[in-house]
Amino acid sequence: MEIPFQNRWLTLAIVSAALFLVVIDMTVLYTALPSLAQALRTTASEKLWILNAYSLVMAGLMPVLGALGDRIGHRRIFIAGMVVFGVASMLAALATTSAVLIGARVLLAIGGAAMLPATIAIIRVTFQDPRELALAIGIWAAIASGGAAVGPLLGGVLLEHFWWGSVFLINVPIIAVATLLALRYVPVRPGNAAITIDLPSCGLSMVGIIALAYGIKELAKPGGSAALALGMLVLGGATLGVFVRRQLRLERPLIDLRLLAQAPIATGMLVALVASMTLIGFELVLSQRLQLVVGKSPLEAGAFVLPISLGSFFAGPLAGAVIGRIGCVRVIAAGLAMTALGIAGYLLLRDGSVLAQVLVLTVCGIGIGASLTASSTLVMSNVSEDRAGMAGSVEGVAYEFGGGFGVTIFGSLMTAVYVSTVDRLGFALQAGGSLDEAHAHARAHPEAQAMLQAAMQAFETSFTWVSVAVAAILLALVLAVLGQRRRLGAAGEAPRVVAY
């Protein structure tokens, strides 16, 4: 059934508005956390759960709810998710205790996990023309990257005029309007009743993903428990191992691993994982450098790295238009190379003019936006309509794990280089294990300025190592993707849409 031109793009606007709220809620608490912590008198552990409950539960539920959407229709799951998200936003805004807020964040995650895979799946079944599909995915990717960046800034603006609950309350009217429009304009597409929802597989995937994600976060957390992190990683890895074996035995698995092993889909997932990992790793060390070395406030640092997200935001639709001409593989390779070039440029120009730094960060953002748009197009144009929810949910999990791996791997590299450098300079005891600790020591001991300068030098060294590592990984991924061109064949050229 061909959907009228106007309705196709209106459908895209509706799902994009919902997607924007889902990704904003991943980061909006970065600026609101101090205010709500004071108002609710939260403990350190409660603060971590307020932040992490959302991403952990979303990661665990996306595969289940994505498959459910494939079975009963993504419109139903999408609208149900918006209703849950709206109710949870109201509960979060009016929360008077930490426990209520954590519970509301879990409910927000359930709504988000229903909505996020459904948004890309609805786009997949709405746009039948391959070039329109690539452009629509480009807009979807732009909204996804822009929302995460806008979150902290929006939180800061709202807190200037309202109380902390406003960061959640703003969701309610938008969700209400989007739900009414979705009921009227998002087309009804029946699901595939032949797709079964294997309950043991659901349980295994949720436990495995949540345990693995929690272990990664615990490993990356300053002062985290190594024993707890290792235990959760082992639990997650073992559970997912059982999950994989079960999927390979089932005639109709929850996640069709054989489909994900196909070259176009596997390549797209790999790019999503590695690109998000490297970007988060670079932004981690860049944000700390801006605050601890340059002396910017958290909000100023967030504004300074905004060109990355703005570049990504504008690159998404442009990449979607270009993909139809030169194909996904070329756009992925060019985008990843641009990202590496932007990071290398910042490394060389970090002490130069602000304009030069903004330009190279914009190049970085354009590259990452183009490559992620092309990777999503490569995945979604090579999966059938009745498995679009499954593919979208797995890609969402890849982004989540990519971010977690980025913080863990590059945070660990940053710490290792910093510690070895301050040790070589003879300030290991005073400078501690991070530049934060060195600043704290200098505030308590004003005479320790030589130590602080050495610690800053050590951090700059660690920043250089992390940036070089990120650029090298991106360039290696460029070579790997180009090396897959023969295996990808027509799938990597101008996109076509799989209809089987």
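Predicted model: local features only at pLDDT ≥ 70, side-chain atom pairs only at ≥ 80, totals over all residues.
Now for the overall build. The protein chain has 21 helices and 0 strands. Along its principal axes, the C-alpha trace spans about 75 × 55 × 45 Å. How does the radius of gyration fit with a compact globule? For 500 residues, such a globule would have a radius of gyration near 23 Å, and the protein chain has 22 Å, so the two agree.

What about contacts along the chain? If we take contacts between residues at least 6 apart in sequence, 81% of them join residues at least 24 apart. As for charges, there are 30 positive and 24 negative ones, and their mean positions are 8 Å apart.

Let's go inside. Of the 500 residues, 53% count as buried. In soluble globular proteins, nonpolar side chains tend to be buried together. Here, the largest nonpolar core has 85 residues. Which of them touch the most other members? They are Phe78, Met82, Leu101, Ile123 and Phe168. Helix H5, residues 98-126, gives this core its largest share, with 14 residues. There is also a second, separate core of 57 residues, and it includes Val271, Cys364, Val470 and Leu474.

Let's zoom in on Phe168. Setting aside neighbours within four places in sequence, its contacts include Asp25, Leu29, Ser89, Leu101 and Arg105.

Alanine 53 sits in helix H3, residues 44-72. Is alanine 53 buried or exposed? Its relative accessibility is 4%, and the cut-off for buried is under 20%, so it counts as buried. Beyond its neighbours within four places in sequence, alanine 53 is in contact with Arg105, Val106 and Ala109.

Alanine 95 lies in a loop, the one between helix H4 (74-93) and H5. With a relative accessible area of 7%, alanine 95 is buried too. Which residues does alanine 95 contact, leaving aside neighbours within four places in sequence? They are Leu40, Val100, Leu101 and Trp164. Leucine 36 is 59 residues away from alanine 95 in sequence, and their C-alpha atoms are 9.9 Å apart in space.

Terms used
Residues numbered from 1 in each chain as written. Heavy atoms only, no water. Core = buried A, V, L, I, M, F, W, Y, C linked by side-chain atoms within 4.5 Å. Buried < 20%, exposed > 50% of the residue type's maximum accessible area, 1.4 Å probe, protein only. Helix = DSSP H or I, 4+ residues; strand = E, 2+ residues; numbered from the N terminus. Contact = heavy atoms within 4.5 Å. Rg over C-alpha atoms; globule rule 2.2 N^0.38 Å. Lys, Arg positive; Asp, Glu negative; His and termini not counted. Charge placed at Lys NZ, Arg CZ, Asp CG, Glu CD.
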